[in-house]
Amino acid sequence: MRPLARVLRLIWSAAPGLMLRGALLSVAVLLAGIMLLGLSGWFITATGLAGLAGVGIAFDVFRPSAGIRLLALGRAAGRYGERLLTHDATLRALAGLRVTLLRARMRADWETLGRLRPGPALTRLTADIDALDGAALRLALPVAAGLGVLLATAAGLWWLTHWSLALIILAQGAAAAVVLARLGRRSLAPSMRAERRGQALLRGTVAMLRGQVDMAVHGGLQARLSLLLARGRGLERAAARLERMSERADAGLGVVTAVAVTLLLLRGGMLVEAGRLGAAAAAVPVFAALALQEAVALIRPGMSGLGAMADAARRAMAPPEAGAETPPDPAPFPAPAPAVIPGGGAQGAGLVLERIALARPGADLPVLENVSLRVAPGETVALTGPSGGGKSTLLLIAAGVLAPQRGEVRIDGRPVAAWDEPALRGRLAMLPQRSQLLAGTVAENLALAGGHADAAEMEAVLEAVALAPVLAPRGGMAARLGEGGAGLSGGETRRLALARVLLRRPSILLLDEPTEGLDPATAARVLDGIRRIRPAAAILCAAHRPEEKLWADRVFPLSSCDKAGSLDSGQSANSRNGA
Ligand SMILES: Nc1ncnc2c1ncn2[C@@H]1O[C@H](COP(=O)(O)OP(=O)(O)OP(=O)(O)O)[C@@H](O)[C@H]1O
């Protein structure tokens, strides 16, 4: 329940003034309802008694009926105002909460973010926010208003009628609270289950719609449909169970009201008989007890959804995946000996990787062990090796998004950890193996690189990656792309992502198989373009293709048997290729 309390505090603090006014209006509206029924009851009883006594002609019907109209109209207007204020406050708070939740997610490290499945994550986030908007509107506000109304009604009856009648009303409130609390406690697990099943069904349906072509081809569509139907039935069962609990609680609340009304009638009758209360006044608490049901009914839905709200709040307030930022156990590696840095020393410009070691949890062999490498400004080094040999991992370490267990990365002579994030990202850019384009124009996709690029520079990078002639007939920079860059071929998508990286004007450029999906001639043109447009950049490139190895000044083979070496080790591409 603690996360739920935190969410409620967050919602309250987003607009406390609005929320307070909304809560006060809510109390006023409920009180108006109780006064309306109380006054009506008094009016009916008093006119009946006046008729019986034969003094009906002298009875003032105008003032009570004017009061009834005023209360009825005031109640409707108050309800409208209360909805405006509380919904406004809650929606503002939830808008802030969405940003807070997204920020918390984005703080996760590179690999955790890489594992994030956008569809399910978005579905969950949306469903959680929906559940949380009920926390204020369906739970906190009705409970606070109900309590306020109960106390105000008891105080009013004490003053207008008799203290014993006020005590019966308080007892009615306490008994209703017990029924509601029991409902809240017992429905905690079923409501959580129903919510989770609902979300699972939603996620499963989205996944099925996305993958329906593959599933149809592999004959798995029917099995998937059956699974979703089973999930739907599970959700129905959970919802029906919850419904039965709510119905039982409603019945309990009905009994509480009936008992309270009976006691009020009995006690009121005794007071009338003793001449301590007028008969019409004795009718007022009876009608007030009936009207209190409205306040109680408003709390009931919040109580039956408590589990779903608590579950959503727990996820929403949880820190980003724990442990993701903690480097794995450093045990497999011996303490590093000081590295030999030929020429230039540790203060030299460019990229230095010194005795880097990293093991993945659960893997038998380390991915990287004692890897040392330097890339000088203007130099291109191709990282080669078998698939799974650790090339992408080394690039991530060089980019400062993955921490090695041993060793150090230096950018222009300074350890990567000593750079502040914006300065580091201004100097270093990386083209990962998979990059994402957005729906929008080519210019909008390029603009993601940062604010400094003008149209001429954008044109120049498109030219460098041999994309300008492809895009020209479609409107060039104004060409529109669909979701995820749809409308471009795989190779064109890769080149646009590369253009975006080049626009950052990095002095350290990390490329993970930049020409994947390109024919040899285009690959060669793109690689030449990269060097032409960023002649001074230190380029480290994970390479499988001969064009990329040929392009490099030096090849640095990464293999599981021999990764150690001095910083400038590696083969010269020119000598190896006889060029
Ligand atoms: N996020 C991860 N969590 C756990 N293990 C991982 C993760 N990413 C990669 N690995 C493992 O680390 C090893 C090195 O992977 P890496 O992607 O660096 O290889 P690579 O040389 O770039 O391969 P390829 O040439 O196929 O792209 C592989 O065994 C891989 O399965």
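## Around the ligand

How many nonpolar, polar and charged residues does the shell around the ligand have? In this predicted model, the shell counts two nonpolar, seven polar and three charged residues. The residues that surround the ligand are E111, R360, V367, G385, S387, G388, G389, G390, K391, S392, T393 and A542.

Helix α12, spanning residues 391–398, is the element that gives the most to this shell, contributing three residues.

## Annotated transmembrane regions

Let's turn to what the record says. An unreviewed UniProt entry carries the annotation "transmembrane region" for residues 12–36, 42–62, 139–159, 165–183 and 251–271.

Two of these spans can be set beside the model. Residues 12–36 are 96% helix and 0% strand, and the C-alpha atoms at the ends of the span are 31 Å apart.

## Helix α10 and its partner α6

Two packed helices are described by the angle between their axes and the distance between the axes. Helix α6 (residues 163–186) and helix α10 (residues 279–304) have axes that come within 10 Å and cross at roughly 20 degrees. The two helices are therefore roughly parallel to each other, and their crossing is right-handed.

On the α6 side, the contact is made by L165, I169, Q172, A176, L180, L183 and G184. From α10 come P285, A288, A289, L292, V296, I299, R300, M303 and S304. By class, the residues of this α6 and α10 contact are twelve nonpolar, three polar and one charged.

## Helix α10 and its partner α5

Which way does α5 run relative to α10, roughly parallel or roughly antiparallel? Helix α5 (residues 118–160) packs with α10 at an angle of about 170 degrees, and the axes are 8 Å apart. An angle over 145 degrees counts as roughly antiparallel, so α5 is roughly antiparallel to α10. Here the crossing is left-handed.

Residues of α5 in this contact include G134, R138, L139, P142, V143 and A145, along with G146, V149, L150, T153, L157 and L160. They meet residues of α10, among them A281, V284, P285, A288, L292 and A295. The contact of α5 with α10 has 18 nonpolar, four polar and one charged residues.

## Helices α2 and α3

Helix α2 covers residues 16–53 and helix α3 covers residues 62–106; their axes come within 8 Å and cross at roughly 160 degrees. That angle makes α2 roughly antiparallel to α3, and the crossing of the pair is left-handed.

What classes do the residues of the contact of α2 with α3 divide into? There are 16 nonpolar, nine polar and five charged residues.

How values were computed
Residues are numbered from 1 along each chain as its sequence is written. This is a predicted model: local features need pLDDT of at least 70, side-chain atom pairs count only at pLDDT 80 or more; totals for chains, interfaces and linings use all residues. UniProt positions are given in the numbering used here, feature names are shortened, and annotations may be inferred rather than shown by experiment. Helices (H or I, at least four residues) and strands (E, at least two) are DSSP runs, numbered from the N terminus. A residue is near a molecule or strand if its C-beta atom, placed from the backbone, lies within 6 Å of it. Ala, Val, Leu, Ile, Met, Phe, Trp, Tyr, Cys and Pro count as nonpolar, Asp, Glu, Lys and Arg as charged, and the others, Gly among them, as polar. Axes are lines fitted to C-alpha atoms, for helices over the stretch in contact, and angles run from 0 to 180 degrees between N-to-C directions. Angles under 35 degrees count as roughly parallel, over 145 as roughly antiparallel, 65 to 115 as roughly perpendicular and the rest as oblique. A crossing is left-handed if the near helix is turned anticlockwise from the far one by less than a right angle, and right-handed if clockwise. Two residues are in contact if their C-beta atoms, placed from the backbone, lie within 7 Å.
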